[in-house]
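Have the viewer open while you read.

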Amino acid sequence: MVSNKQSNSASTLLDVRHLHVDYLAANGTVHAVTDVSFMLGRGEILGLAGESGSGKSTLAYAITRLLRPPAMITGGEILYYQRAHPADAVSRISFSRLPSSNGTHKQSPNQSGEPPVAGTGQAVDILQVSPTQLRALRWNDLAIVFQSAMNALNPVMSVGAQIMDVLRAHRPDMNPDSRRQRALDLLRLVGIAPDRLRSYPHELSGGMRQRAIIAIALALSPEIIIMDEPTTALDVVVQREILTEIVHLRETLNFSVIFITHDLSLLLELADNIAIMYAGRIVEKAAGQELYRRPRHPYSYGLLNSFPALHGPRRKMSGIPGSPPDLRAVPTGCAFHPRCPLAFAACSVDLPPLRPVTTEDSEQVVACHLYHPASAAEPPTIADMAAKYEALAEGSKV
Amino acid sequence: MEILDQSAAAAMNAPDQSQPILEVEHLRKIFPVRQLNPLGIKQGVHAVEDASFALYPGRATALVGESGSGKTTVARVLARLYEPTSGVLRFRGDPVKLAGGKSLQTYRRHVQLIFQDPFSSLNPVHTVRYHLGRPLRIYGYAHNAAQEREQALALLNRVSLSPAEQFLEKYPHQLSGGQRQRVAIARALAVRPAVLLADEPVSMLDVSIRLDILNLLLRLKDEERLALLFITHDIASARYFAEDVLVMYAGQMVEGGPTDEVIQQPKHPYTSLLISAAPDPARLTADNLSSAPLPARGEIPSLIRPPSGCRFHPRCPHAMPVCSQRVPQRTDLGNGRWTNCFLYGDGNNLGS
């Protein structure tokens, strides 16, 4: 953000700016996503973490424009930088691109020999495109793996047929044989034996169904895959296999992932960057390692501290007192202030903007008054936050 | 006989612990499978095979395993929601009569179960007062409305739902997930039990409030010297919560012992697999995700026709010929630790 701005903007794939999503309910408007801005780089795994009701899934559905009334995108823009130069972008929109039959290699974006500079590719505002363009955009560029992926497969169609169905819809000029070949490639890619092509979903285990869903998402080699809690329903061993698979596929195919989960300990291992959401806003964004070592926002600290560790001393942990706010009436100022052990007067009045934390070469941004540059007090250390949380836990009986 | 000796030995190892309050020996549970062919061989789901363990007052025991490992079945047999196919249940040293009626009610006065999902374990058409009042009346602790109200308020205060007066008249849909689970815990406490079986009590709750509920259970355990069985798939929260841990795989108990020892130095290959698969941010500093391959792949096998011998052998990286031929018996590793694995078996184990 601070340094090497050039390389940053060149590799930007998705630029979400000031996005607002509301649910228009009879008993008040729910502000599910409020003023969210972030950038997703090429090949980046961005983790979105937060409690349920923090707006993570709504954000994902907004990016793919899958929201239906009563959800309304009330503001902002989602700029998508297409992978190739404008001429190709046009041809891509018009369904006529030749299929890439080779599953393991992404179609080279620089067919004309020029290095691809994303800045020169047209930025498309996903919120403004026509239904036809949207249809071309989805799956080609933007795929989604749903939360209940185990149930997202059609039970009366074989897995192979479901993959080929995608290809038939989006690549009408592909012949049946190459569709079948592509489906086999995809299954092999995600670690399913190709002879499972004719299997129906009920014949597959939960982990294999999840892999099949990922294969379908990969069918058209998209640039961005949004994964909404893809492993929540799976057992730890299977979850680990799927995560290893995602990391491996990302390395070979170089797509970007927006990975949504409530399990922060999982994200820390997986994601390059992590954004923490609370009450519809991003309250902190940092590199995974950095967030683990030095969470700045008291909420991030509390969330990190909600997961018992496998190693190290066993100590009493406190979690975060209270419960998430009602999004119909978000607290004024910083939405976290009623639960925050470090809250002070300004927190309930002013809304803290996302600011870079330090002057160092760090991309960590945090929305918290404690880190205001003009504030006289020293920013809190980890020990401060731990002590404050502990004091709060002592004060209130569990 | 061997198990008896071992539980005696375990008691010797931990002299500060009193007698076990609830004991299970050689518990088996087979669920019948409906078949179309009346002449076919009777099949069944072998959900729990030869489980033996004991719960002690004031001590939490975690039962860890993947879904399908039989941990919920164990809890439900202990709560007597299921009748075991075979095995002995002992409460305070006396065998529990496996019959219904009055004896069942007496048993449930001492042993209570907390369910996983507080969204479905409370009746949506009744208030909190009704949920707490029913056990108080049925078990004879409250004889009139005033007593019922007074005791229900005390229960709500014990689970930190305050102001209790307000919660008394609320319906489940007016409560958050954490509050519902607290009501469910209060309902279990209403009969003043000695044993609390908690079946994944926090897995349906939001991450930030899970610890609150765990801390509440820990406080109750210490205050009332409850024996707790904590069933979970999350080995990290088992470490946080419990003194002892039992690891189950496909219906068989594979390893047990003091939690920290088992997690830091797992003996059974399945325990190692489970721990290496668990998310662990601390591992980041050492090496990254892709460079730490799992020792095994795959999933829990079908329990209708489970693998012969040790049920983990098809996935086990250390499998030997003997593993598929015989079921490994319990090998005592000292200090209360044991494992069912031929890797640690002496001649005794192989011979049995």
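Which residues in α2(A) are buried? The answer is A:K56, A:S57, A:T58, A:L59, A:A60, A:Y61, A:A62 and A:I63. A residue is called buried if 20 or more other C-beta atoms lie within 10 Å of its own, exposed if 12 or fewer, and partly exposed in between, with C-beta atoms placed from the backbone. With 8 of its 8 residues buried, helix α2 (residues 56–63) of chain A is largely enclosed by the rest of the structure. A:R65 follows α2(A) and has a positive phi, near 55°.

Before going further, some housekeeping. This is a predicted model, in which local features need pLDDT of at least 70 and side-chain atom pairs count only at pLDDT 80 or more, while totals for chains, interfaces and linings use all residues. Residues are numbered from 1 along each chain as its sequence is written, and chains are lettered from A and ligands numbered from 1 in the order in which they are written.

**Chain A and its sheet**

Chain A has 13 helices and 12 strands; helices (H or I, at least four residues) and strands (E, at least two) are DSSP runs, numbered from the N terminus. Of its 398 residues, 46% count as buried. Take the contacts in chain A between residues at least 6 apart in sequence: 70% of them join residues at least 24 apart. Contact here has a simple cut-off, with the C-beta atoms of the two residues, placed from the backbone, lying within 7 Å.

An open sheet of 8 strands runs β6-β7-β8-β3-β9-β10-β12-β11 in chain A, with mixed pairing. Strands count as paired if DSSP finds at least two bridges between them. The edges belong to β6 (142–145) and β11 (355–356) of chain A, each with a single partner strand, so one side of each is left without a neighbour in the sheet. Further in, strand β7 (residues 224–228) of chain A pairs with strand β8 (residues 256–261) of chain A in the parallel sense, over 5 bridges. In that pair, A:M227 stands opposite A:F259 in β8(A).

Helix α8 (residues 206–217) of chain A lies across β6 and β7 of chain A, and runs at about 170° to β6(A). Axes are lines fitted to C-alpha atoms, for helices over the stretch in contact, and angles run from 0 to 180 degrees between N-to-C directions.

**Two helix pairs**

α8(A) also packs against helix α6 (residues 159–170) of chain A: their axes come within 9 Å and cross at roughly 20°. The contact is made by A:V159, A:Q162, A:I163 and A:V166 of α6(A) and A:A212, A:A215 and A:I216 of α8(A).

In chain B, helix α4 (residues 128–138) and helix α7 (residues 177–189) pack at about 20° with their axes 8 Å apart. That makes α4(B) roughly parallel to α7(B). B:V128, B:H131, B:L132 and B:P135 of α4(B) make the contact with B:V183, B:A186 and B:R187 of α7(B).

| Residue(s) | Feature | Value |
|---|---|---|
| A:P69 to A:P70 | cis peptide bond | omega near 10° |
| B:S162 and B:P163 | cis peptide bond | omega about 0° |
| A:N254 | positive phi, not glycine | near 55° |
| B:R92 | positive phi, not glycine | about 50° |

A:N254 is found in the loop between α9 and β8 of chain A, and with 12 C-beta neighbours inside 10 Å it counts as exposed. B:R92 lies in the loop between β4 (86–91) and β5 (94–95) of chain B; its 13 C-beta neighbours inside 10 Å make B:R92 partly exposed.

**Interface and confidence**

Where do the chains meet? 39 residues of chain A are in contact with 39 residues of chain B. On the chain A side, α9 (236–253), α10 (264–270), α11 (288–293) and α12 (298–304) each give two or more residues, and α9(A) gives the most, with 9 residues. The predictor gives the complex an ipTM of 0.78 and a pTM of 0.81.

Chain B averages a pLDDT of 84, pLDDT being the predictor's confidence in each residue, from 0 to 100. Over residues 1–16 of chain B, pLDDT stays under 50. Where pLDDT is low, the predicted coordinates should not be read in detail.

Key. Parallel < 35°, antiparallel > 145°, perpendicular 65-115°, else oblique.
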